[in-house]
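Please read these comments alongside the coordinates.

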Amino acid sequence: MSEKNNSMMERLDEFLLDVQKPSRYIGGEPGSVVKDKSEVDIRFAFCFPDTYEIGMSHLGMKILYGLKNAVPNYWCERVFMPLPDMEEQMRQRNIPLYALESLDPIKDFDFIGFTLQYEMSFTNILEMLDLAGVPVLAKDRTGLTPIVMAGGPCACNPEPLADFFDFFAIGEGEEMNLEFMRVMEECKREGATRQEFLRRAAQIEGIYVPSLYDIAYNEDGTVKSITPKDGAPAKVRKRIIKDFDKAYTPDNFVVPLTGIVHDRAVVEVLRGCIRGCRFCQAGFIYRPYREKQIDTILDQTRCLCDNTGYDEVSLSSLSTGDYKDIEGLLTQLTDFTTAEKINLSLPSLRVDRFSDEVLKKITDVRKSGLTFAPEGGTQRIRDVINKNVTEQNVMDSVKIAFEGGYTNIKLYFMMGLPTETLEDIKGVYDLAKAVIEQFYATPGHAKGRPGVSVSLSTFIPKPFTPFEFEPQLDEDSVRERQRYLKTINTDRKITISYPSYELSLIEAVLARGDRRVGKAIYTAWKKGCKLDGWDEYFRFDLWKEAFADCGLDMAFYANRRRSYDEIPPWDHIDMLVSREFLIEENKRAHAGVTTPNCREKCSGCGVSKCVGGDVCRAIR
Amino acid sequence: MCAVPSVNTRAFFSKTGRAKYISHLDLSSTVIRAMKRTKLPIWQTEGFNPRTYVTFMLPLSLGQEGEHEAMDFRLTEDVPFDEVKERLNAALPPDIRVTEVTVPKDKNTDITAARWRIDFTCDPDKLRRLCEKEQINVEKRTKKGVSTVDLKPLMTDVEIAGNQLMLTLPAGNSFNINPALLFEAYTAEYGEQVKRLRIVRTNIYSGEREFE
Ligand code: SF4
């Protein structure tokens, strides 16, 4: 370790014992990559704008970390959001935000890259840049480096963050990351300027440089035009990797020294989703659906368990049950995990689709808490949102759970879905009630009292979904529907909770905001907003003030129906799913007509012609 | 030297630098995962949820370092000790280093004392005067509550040189004295807070000799 690191280490030693869980601020974990600086040309600070515990659980970060570090002269390090006790100490002592591997300040890196997983982490980005001593506004940054960039699902509408980032990487990062790092290598060699780097980066497919686009607005506040300049493309098309089965997969993880949210090996089995639930952004922006082969999954599982020493592995995907040969996969996987005494956990798996034999294998390995997401209370509303779950499916699943000795079930629903009426809200209660009845009707159920916890969140319309045109339900109606449900729920065995409405309002505004919303984010942060995703830190009052100070109306972004011909703020971003398809799907939703999944029938969403028809044909 | 099947094995290791922030609980999961990575034949408990069986002697407080810590486990096959050491070091975090693998001679209940090295920032003369007092009473917190102990008769081989203190204190499963207590006594005596100390456990003893 260099002298400089030692001095940072000494400075940290002075106070680290005074902060909660110091080991998350000091690196040194097995699997973390430390390189000789003299042999490194490009340094990348991979920032996760949330805590260590959350960020370290994220698969995407592990993939891109491994990928970049596999290049000998590139060094990627990790950075997380410090909690307030740590941040206060750092600010008091003038310790700039540093990377966990080298303990070097990230302001000296070539790239500072954020992953945008969740709108409510946006203020954390500003806080982290500021703590790093890097100007938070892109226009205030000079010199070639550091370049501040972002990727991840929220980058599909990058506009609210356009003021803060030099560029965004749209779509799958596996190839793109190395391409823009190569451009930086050239620029450093040539002594090029920041503007020159950005101009060149904008030529890479999937790279969006916001400063190269002028936005004009109509009098009613909607977007009038988006005009590229300096040779930037009119549409930035999202990247997808050519061969998913052969895509880079890390053979090792950084294994944390302290507990994190998901402390286990994770293997991605498929990407995308065949379902097309109309509210679900992930279901559209990650298209097309692609699977890894069983052998690939087995190899990766084995290798990862060997290298990390984890005795738990989880399969990651949007819907593991859709894997074509799921029984074959689980049979082979459980052969391995049983022999090696490894726990297999399968989130997002619908158990009602399996034979008893496979089921036994899974539940024998680990009993996981049972949760279901019917999303809507009646069949009518589930057809509107194209959620392919029937009451019978729910009953079949909970029956399996009750037979297995469980007594408590969690059900997730959304409130404020398009076309929703009180009848649909009543349906939520009826379904919960039916689950209770199913408990008593299941032979051999456990002794105790059954319980159903219902979580009813406020629906948030997201870009690139058929519901991007929809208003979010206004506060009065949300409260009215909550009250109604309270009056009809007389069963003590059913508990109903409502995740914060205020939080979902801000999330709705940020999700579909335009470039002007950046001012409100900046103002809210200046007022002290950060860690908004945490109930104890979320300050709705400050957010409200911030929007008022900027002369922006939250309802304009959240509660307005947008016409089909309005130009959305993200019009220049091409996620491959066509706008015509989204409009068609929106119409079908209002007509209560479902759309078959991609395996049953292609609905012509537009992805297939961008990627070549083979990828989509392989789904069926 | 080789271990015979299923025989107790003792590893001495250091836990310094960044690793001093690993809590005792996290240390055990960190070491167990490292052992899994080595693929060494280390004995696991039987049953539904098998666990690699490792015992750590004398937990260190968070933030304290150790240069000669000990842990016991069982090897179920013959592996040369040098190889065990090498494979463990390849798998452990860089700031946890195995220094020796051996057959245990003493039982862990034989531990009686530990040697400490402390870098301090307070006044050496005042510290010397404190150490020379007849009695050094401090409050010791245990699971059973707070009790007063006199450190004076418990401290042996006290050496102060510059800003470094070395001393030996009782250690073991039943009675253990943390050297930080002496600096609490310093604060009580002089009304001065003592800034961050670097506390290193350098050795552990069984009676008059080194714990083996
Ligand atoms: S093109 Fe067809 S099969 Fe492919 S993702 Fe779109 S709807 Fe599904």
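The numbered points below begin with conventions and then turn to chains B and A.

1. Conventions. This is a predicted model, in which local features need pLDDT of at least 70 and side-chain atom pairs count only at pLDDT 80 or more, while totals for chains, interfaces and linings use all residues. Residues are numbered from 1 along each chain as its sequence is written, chains are lettered from A and ligands numbered from 1 in the order in which they are written, and side-chain values use heavy atoms, with hydrogens and water left out.

2. Chain B overall. Four helices and eleven strands make up the assignment for chain B; helices (H or I, at least four residues) and strands (E, at least two) are DSSP runs, numbered from the N terminus. The C-alpha trace of chain B spans about 55 × 35 × 30 Å along its principal axes. Of its 212 residues, 48% count as buried (under 20% relative accessible area, with exposed over 50% and partly exposed in between; 1.4 Å probe, protein chains only).

3. Contacts in chain B. Taking contacts (heavy atoms within 4.5 Å) between residues at least 6 apart in sequence, 71% join residues at least 24 apart.

4. Helix 3 of chain B. Which residues of helix 3 (residues 124-132) of chain B are buried? They are B:Lys126, B:Leu127, B:Leu130 and B:Cys131. Because these residues cover an arc of only 135° around the axis, they lie on the same side of helix 3 of chain B; the arc is that of the directions from the helix axis to the C-beta atoms. An α-helix has 3.6 residues a turn, so residues three or four places apart point the same way. The packing partners of the buried residues of helix 3 of chain B are strand 8 (156-161), strand 9 (164-170) and helix 4 (180-190) of chain B. At the start of helix 3 of chain B, the backbone nitrogen of B:Asp125 has a side-chain oxygen of B:Asp123 within 2.9 Å.

5. A:Leu97. This residue sits in the loop between helix 4 (84-92) and strand 3 (111-115) of chain A. A:Leu97 is buried, at a relative accessible area of 3%. Leaving aside neighbours within four places in sequence, its contacts include A:Phe80, A:Met90, A:Ile106 and A:Met128.

6. A:Ser477. Helix 15 (residues 475-488) of chain A contains A:Ser477. A:Ser477 is buried, with a relative accessible area of 17%.

Terms used:
Polar contact = N/O pair within 3.5 Å; in protein donor to acceptor, adjacent residues only side chain to side chain.
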